[in-house]
Amino acid sequence: MYTYGYRLEEIGLCQLEMRSFFGKQSDTGLLMSEIAVHPDRSPFMRERIEVLYEGDRLEEILEQVEQIELRDQTFKVIFVKMNDLAPEDKIEFDEQRVIEREIGIHIEGEADVRRPDHVFGILTWGGRWYFGSYIKSKAVWLTHMRKPRNYSIALSTRVARAVANIAVPVPMQVTAIDPCCGIGTVLVEALSMGIDIVGRDSNPFVVQGTRENLDHFHLQTDVVCGDISEISNHYDAAVVDMPYNHFSHTSSEAQLSLLQHTRRIADKAVIVTVGAIDELIVSAGFSIHDRCTTRKGNFIRQIIVCT
């Protein structure tokens with residue numbers, strides 16, 4: 001069970017990331033799936049509960065947790081605030097603490113609220129109670145906002161992290177490239193999640209900034225100064241941020257060439273654009289598989305998943 005938090009303008013991006021991870025989305029702020037994703041990966045995930053026990057009544061949970069034997073190990077129980085209770089059924093703070101203590105009494109082990117060996121979560125949703133191992137997101141992406149080199153039109157760390165997840169939801173044995181990497185915002189997020197990705201940009205000053213940012217976070221990968229047309233390797237996925245049609249006079253022909261080379265070097269591409277380029281994407285040989293928009297003020301980006 002995953003709990004989510006997002007701003008109104010991020011709903012589409014969050015749900016596209018959900019569909020990439022789980023093959024489905026949720027409109028409620030809670031998603032259930034048998035697929036395991038660590039909550040640190042997503043900029044929108046708050047918590048994950050690996051469900052051990054469930055029941056229609058809290059008393060059923062109390063009976064089941066008696067099976068837990070931690071011996072000399074310590075534990076902590078957290079009441080997860082996310083729920084779908086009606087206002088009149090809201091469980092207030094003091095009652096939440098009572099429930100935590102009551103569950104703790106039924107667990108064989110020593111409670112430790114500061115440095116427990118095990119953390120458990122209790123949550124109510126859809127008229128049922130769920131209990132299991134609890135993992136809270138550390139919001140790793142927040143630390144990446146403080147990088148030495150920045151670029152005014154670069155993706156935000158939140159968007160970059162989501163885009164990396166959409167491009168490579170399962171990193172194992174997957175290779176990726178950001179052929180127009182700018183100052184490396186996507187590279188930083190992807191590498192921090194264990195994604196095997198390399199970068200490239202045609203601007204040598206920008207490439208230097210990318211390398212400085214990677215060094216700052218102790219991340220390593222190949223970052224080459226060069227045009228996408230020079231790439232001979234093939235990758236499973238590519239992330240291509242195309243701000244050019246908004247901030248410069250790059251022609252449709254140049255954009256088409258970029259997309260065609262992306263099609264040549266990658267099986268899958270996540271295209272980030274502020275312009276309507278569906279026809280160019282199709283002309284380049286891609287099929288549009290999924291998409292969303294994300295907004296920052298009046299500035300709207302499209303994130304388009306192509307195969």
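How many bridges join strand 8 to strand 11 (residues 235-242), and do these strands run parallel or antiparallel? Strand 8 and strand 11 run parallel and are joined by 2 bridges, where two strands are taken to pair if DSSP finds at least two bridges between them. This is a predicted model, in which local features need pLDDT of at least 70 and side-chain atom pairs count only at pLDDT 80 or more, while totals for chains, interfaces and linings use all residues. Residues are numbered from 1 along each chain as its sequence is written, and side-chain values use heavy atoms, with hydrogens and water left out.

**Overall picture**

The protein has 9 helices and 14 strands; helices (H or I, at least four residues) and strands (E, at least two) are DSSP runs, numbered from the N terminus. Its C-alpha atoms fill a box of roughly 65 × 35 × 35 Å along the principal axes. Of the 307 residues, 50% count as buried, where buried means under 20% relative accessible area, exposed over 50%, and partly exposed in between (1.4 Å probe, protein chains only). Among contacts with a separation of 6 or more, 70% come from residues 24 or more positions apart, a contact being heavy atoms within 4.5 Å.

Strand 6 (residues 118-125) and strand 7 (residues 128-136) run antiparallel and are joined by 6 bridges, with glycine 121 having glycine 132 as its bridge partner in strand 7.

Strand 4 and strand 5, in contrast, run parallel and are joined by 3 bridges. Strand 4, helix 3 and strand 5 form a right-handed β-α-β unit; a crossover is right-handed if, with the strands pointing away from the viewer, the path from the first strand over the helix to the second runs clockwise.

Another open sheet of 7 strands has the order 10-9-8-11-12-14-13, with mixed pairing. Strand 10 (223-225) and strand 13 are its edge strands, each pairing on one side only, and the twist averages 20° from one strand to the next. Strand 8 (residues 175-178) and strand 9 (residues 196-201) pair in the parallel sense over 4 bridges, and threonine 175 stands opposite aspartate 196 in strand 9. Between strand 8 and strand 9 the chain passes through helix 5 (residues 185-192), in a right-handed β-α-β crossover.

Aspartate 178 is found in strand 8. Aspartate 178 is buried yet has no salt bridge, and the nearest side chain of opposite charge, arginine 200, is 9.9 Å away; here Lys and Arg count as positive and Asp and Glu as negative, with His and the chain ends not counted.

Helix 4 (residues 157-167) lies across strand 11, strand 12, strand 13 and strand 14, at about 155° to strand 12. Since 11 of the 11 residues of helix 4 are buried, this helix is largely enclosed by the rest of the structure. The buried residues of helix 4 pack against helix 1, helix 5, strand 11, strand 12 (266-273), strand 13 (288-296) and strand 14 (299-306).

**Salt bridges**

The structure holds 14 salt bridges, each a side-chain nitrogen of Lys or Arg within 4 Å of a carboxyl oxygen of Asp or Glu. Some of them are listed here.

| Salt bridge | Closest N and O atoms |
|---|---|
| arginine 57 and glutamate 59 | 3.4 Å |
| arginine 200 and glutamate 230 | 3.3 Å |

The pair of arginine 200 in strand 9 and glutamate 230 in the loop between strand 10 and strand 11 links distant parts of the chain, 30 residues apart. Arginine 200 counts as buried at 12% relative accessibility, whereas glutamate 230 counts as exposed at 53%. Salt bridges that share partners also join Arg7, Glu9, Glu10 and Arg158 into one network.

Technical notes:
Axes are lines fitted to C-alpha atoms, for helices over the stretch in contact, and angles run from 0 to 180 degrees between N-to-C directions.
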